[in-house]
Each structure stands twice: as structure tokens, then as C-alpha cells.
Amino acid sequence: MDTNVNSRRNSLSISALLNEDTVDPIHQLHTTPPSSPINKTKRKRITSLQYNRLMEVFDQTDTPSSEIRENLAAELDMTKREVQVWFQNRRAKMNRVKHATKHRPSLVPYYPSIKIRTQPIDTPPPPPACYPPPPPPPPPPSSSSSAIDLLASAAEYVRTNYPGNI
């Protein structure tokens, strides 16, 4: 099959040499066409004045009649098609926003396992309810007590204030 394509290509090339008007269809399929004669216009941005006027009308009606669109086009130096497309895009945007807020009412996702802190960061958190408040510190030792007396008074303090820990 490859030889058939090559022989056909050769015969077309010979005929193209003989007749300059002949176009090689196989050659055209495998090459990129030169820049097309149809020039695509660049995207047109609307001015703030045009935007404000279009929004005024959109606030009144999101589907203006063809007569209103035609008057707007003349007033704003736009084509009727540009005005029509602007209203179509604006309606699509409104539906998109409405759909997003309907299905996602809060920007903060809900995670029940995470506790949200309601106090300012400066204030310390309240002590847990499962522990009793700490007892007052023992009185300072007198100058005549020894180290053993100090240890004994500390042990007594712990025994009386924390009975389950010993």
C-alpha cells in the first residue's frame, strides 16, 4: 500500500509540474496550510462606561428585548451581537454564582472532630474540669528546720492534698 501512495504522489507531482494550477491533495493533507485569508478579530474589551450602562439594564431585566439590545448597541457603539453575548454571559455568571452559593453556603468547611477556638489567643484556656484546683503552696520553712524536716512536711502535704497519688 505504501508503494501505491508513493507512485500516486509521484504521478501527482509530475502532473503538478506539467500543470502549475494543479494542487497536490496528498501534499495538502500533510502540511500546515498557510495563514488563512480570514482574519480573526481580536477580543474586544468593553469600557467601564459600557459596563455600567449594561449593568443598569441588566438590573432591570436580564433578558432585554431585541429592540432594547439594538438601542443599547447604538448607544454604546457596540454591535447587536456583542450586546446579546454580553447578556448571555452575564446570565450564565449569575446562574453559576447562584449554584455555587446554593451548594456551598459556607466558605469554611465543617469538620466535627476539630474544635474551633472561641477565645482570643492572648487568654489562657480554662483549666480542665476533671482536675481539682491546685491547693495553696506550703508555708515557707523556718530557718531552724533541717532538710529532713522539710522533706517530711512536703510528703505530708502531698498525702493530705493528693490522697490517690500515693
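I started with tyrosine 51: at 33% relative accessibility, this residue counts as partly exposed. My cut-offs were under 20% relative accessible area for buried, over 50% for exposed and partly exposed in between, with a 1.4 Å probe and protein chains only.

A note to myself on the source: this is a predicted model, where local features need pLDDT of at least 70, side-chain atom pairs count only at pLDDT 80 or more, and totals for chains, interfaces and linings use all residues. Residues are numbered from 1 along each chain as its sequence is written, and side-chain values use heavy atoms, with hydrogens and water left out.

Next I looked up ring pairs. Rings of Phe, Tyr and Trp (its six-membered ring) pair if their centres lie within 6.5 Å; planes under 30 degrees apart are stacked, over 60 edge-to-face, and the rest tilted. I found four aromatic pairs by this rule. Tyrosine 51 and tryptophan 86 form an edge-to-face pair, because their ring centres are 6.4 Å apart and their planes stand at 75°. I traced tyrosine 51 to helix H3 (residues 48-60) and tryptophan 86 to helix H5 (residues 80-103), 35 residues apart. Helices here are DSSP runs (H or I, at least four residues), numbered from the N terminus.

Is tryptophan 86 buried or exposed? I noted it as buried, at 12% relative accessibility.

Then I turned to phenylalanine 58 and phenylalanine 87, whose ring centres are 6.2 Å apart with planes at 40°, so this pair is tilted. Phenylalanine 58 lies in helix H3 and phenylalanine 87 in helix H5, so the pair ties together parts 29 residues apart in sequence. I wrote down 10% relative accessible area for phenylalanine 58, which is buried. Phenylalanine 87 is buried too, at 1%.

My last entry: ring pairs link Tyr51, Phe58, Trp86 and Phe87 into a cluster.

Definitions and conventions: Helices (H or I, at least four residues) and strands (E, at least two) are DSSP runs, numbered from the N terminus.
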